[in-house]
Amino acid sequence: MSSAWRAYSWRWDEAYKTSREDALGMRRDAFLMGILQERKLASSQLSWHLEPENTRDLRQKATANYLTKIIERMRGLPKFFYNLQDAVWYGRYGAHIGYAWHDMGARPKEVRGPRKALVPHRYFPINGD
C-alpha cells in the first residue's frame with residue numbers, strides 16, 4: 001500500500017528534489033515548452049491501428065479492426081494522445097477513462113458478442129506530479 005501512495009508524490013521527482021524553483025522555472029520556459037509542444041503535436045496526429053498477433057488468422061484480424069473502430073469512437077482521441085505525451089516531461093502521467101455502452105451495429109461474423117460494446121467515452125488527465 002505504501003508504494004502506491006508514493007506513485008505520484010512530489011518527493012520522488014528529481015527536479016523537485018534538486019530545486020523546486022528551478023523545476024517550476026523550466027516548466028514556464030517558453031523555449032522548452034515550445035520544443036515539447038512540437039513533439040506532442042506531431043506524435044498525437046500520427047495514424048495508428050491495432051495489429052493481431054497472428055496476421056494470418058482471420059478472427060484475430062477482424063477483432064483487431066473491430067477494437068480499433070471502438071477506440072476511434074472516443075471523443076477527443078487526438079487530444080487524449082496529446083495529453084498523454086506529457087509523460088515525456090513529468091515522467092509519470094496517466095488518464096482516467098470513462099466508458100459508455102454504444103450500439104456498434106453489426107459485428108463481423110468472426111467477432112462474437114452482442115451489438116452493444118463498452119467503449120471509451122471520455123477521459124480525465126492525471127498529472128504525475
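Which handedness does the crossing of α4 and α6 have? The crossing of these two helices is right-handed; a crossing is called right-handed if the near helix is turned clockwise from the far one by less than a right angle, and left-handed if anticlockwise. The structure is a predicted model, in which local features need pLDDT of at least 70 and side-chain atom pairs count only at pLDDT 80 or more, while totals for chains, interfaces and linings use all residues. Residues are numbered from 1 along each chain as its sequence is written, and side-chain values use heavy atoms, with hydrogens and water left out.

The protein contains seven helices and two strands. Helices (H or I, at least four residues) and strands (E, at least two) are DSSP runs, numbered from the N terminus. Along the sequence their pattern is α-α-α-α-α-α-α-β-β. Of the 129 residues, 27% count as buried, where buried means under 20% relative accessible area, exposed means over 50%, and partly exposed lies in between (1.4 Å probe, protein chains only). Contact denotes heavy atoms within 4.5 Å. Among contacts between residues at least 6 apart in sequence, 58% join residues at least 24 apart.

Two helix pairs involving α4 were examined. The axes of helix α3 (residues 20–28) and α4 come within 5 Å and cross at roughly 60 degrees. Axes are lines fitted to C-alpha atoms, for helices over the stretch in contact, and angles run from 0 to 180 degrees between N-to-C directions. The helices α3 and α4 are therefore oblique to each other; angles under 35 degrees count as roughly parallel, over 145 as roughly antiparallel, 65 to 115 as roughly perpendicular and the rest as oblique. On the α3 side the contact is made by Met26, Arg27 and Arg28, and on the α4 side by Ala30, Leu32, Met33 and Leu36. By class, five nonpolar, no polar and two charged residues form this contact. In this classification Ala, Val, Leu, Ile, Met, Phe, Trp, Tyr, Cys and Pro count as nonpolar, Asp, Glu, Lys and Arg as charged, and the others, Gly among them, as polar.

For the second pair, the axes of helix α4 (residues 30–44) and helix α6 (residues 77–84) come within 9 Å and cross at roughly 140 degrees. This angle makes α4 oblique to α6. Gln37, Lys40, Leu41 and Ser44 of α4 meet Pro78, Phe81 and Tyr82 of α6. The contact of α4 with α6 comprises four nonpolar, two polar and one charged residues.

Within α6, the buried residues are Leu77, Phe80, Tyr82 and Asn83. The cover over the buried residues of α6 includes α4, α5, β1 (93–103) and β2. Asn83 counts as buried because its relative accessibility is 12%. Residues up to four places away in sequence not counted, Asn83 touches Tyr93, Tyr123 and Pro125.

The largest nonpolar core has seven residues in all: Ala62, Tyr66, Ile70, Met104, Val111, Ala117 and Val119. A nonpolar core is a set of buried Ala, Val, Leu, Ile, Met, Phe, Trp, Tyr and Cys residues joined through side-chain atoms within 4.5 Å. Both α5 (58–72) and β2 (116–127) supply at least two residues of this core, and α5 gives the most, with three residues.

Tyr66, one of the core residues, is placed in helix α5. With a relative accessibility of 7%, Tyr66 counts as buried. Neighbours within four places in sequence aside, Tyr66 is in contact with Met104, Arg107, Pro108, Val111, Arg115 and Ala117. The C-alpha atoms of Tyr66 and Arg107 are separated by 7.7 Å, although the two residues are 41 residues apart along the chain. Ala117, also in the core, has contacts with Tyr66, Ile70, Ala100, Trp101, His102, Met104 and Arg107 when neighbours within four places in sequence are left aside.

Exposed positions were considered as well. Lys69 is likewise in helix α5, but counts as exposed at 52% relative accessibility. Its C-alpha atom is separated by 9.1 Å from that of His49, 20 residues apart along the chain. Gly91 lies in the loop between α7 (87–90) and β1, and at 56% relative accessibility Gly91 counts as exposed. Between the C-alpha atoms of Gly91 and Asn127, 36 residues apart along the chain, the separation is 9.9 Å.
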